[in-house]
Amino acid sequence: MKFKISFWLLLLLSLGASFGLEIFPLIISVLVHEAGHILALKLLGGYVGEIKADLKGIEFKMERTALFTGKEIILVSMAGPVAGLLFAAAAFIWRLDELFKINLLLSLFNLLPLKGLDGGEILKELKESR
């Protein structure tokens, strides 16, 4: 299984930066999101085998000895946005408005059912499981 941060997500983050959002909170937010994916992957017995970065985005190749089931792929795909939403909730409680906005936007954007986003991967797996 491969996980990919889409070029569109990176573009969205760049646009956010150009409209006055600071880069450091963006980086923290992306790291929290990716940490959610990696934690779920490790809990399912997998590991990150390879990381690639190019103009299309950043790609993490997730591996383990047994094949991933559709449900496991959905769990790993959902883990990034869930981590971001939990981080957004914590930021809201601590009144860190910038981190709250970025994590909420990043998480909701990633749940869109588009190819290359977490929501697209979830939709694909749901279709294949029918």
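Close-up 1. A nonpolar core here is a set of buried Ala, Val, Leu, Ile, Met, Phe, Trp, Tyr and Cys residues joined through side-chain atoms within 4.5 Å. Buried means under 20% relative accessible area, exposed means over 50%, and partly exposed lies in between (1.4 Å probe, protein chains only). The model you are looking at is predicted, so local features need pLDDT of at least 70 and side-chain atom pairs count only at pLDDT 80 or more, while totals for chains, interfaces and linings use all residues. Residues are numbered from 1 along each chain as its sequence is written, and side-chain values use heavy atoms, leaving out hydrogens and water. In this view, seven residues make up the largest such core: A40, L41, M62, F68, I73, V76 and A79. Helices are DSSP runs (H or I, at least four residues), numbered from the N terminus.

**Close-up 2. The aromatic pair F92 and F100.** Rings of Phe, Tyr and Trp (its six-membered ring) pair when their centres lie within 6.5 Å; planes under 30 degrees apart are stacked, over 60 edge-to-face, and the rest tilted. F92 and F100 are tilted, with 5.2 Å centre to centre and 50° between the planes. F92 is exposed at 56% relative accessibility, whereas F100 is partly exposed at 23%.

**Close-up 3. The salt bridge E121 to K124.** The rule asks for a side-chain nitrogen of Lys or Arg within 4 Å of a carboxyl oxygen of Asp or Glu, and the count is one. The closest N and O atoms of E121 and K124 are 3.7 Å apart. Both residues sit in helix α5 (residues 118-128), and because they are three residues apart, about one helical turn separates them. K124 is partly exposed, at 40% relative accessible area.

Technical notes:
Helix = DSSP H or I, 4+ residues; strand = E, 2+ residues; numbered from the N terminus.
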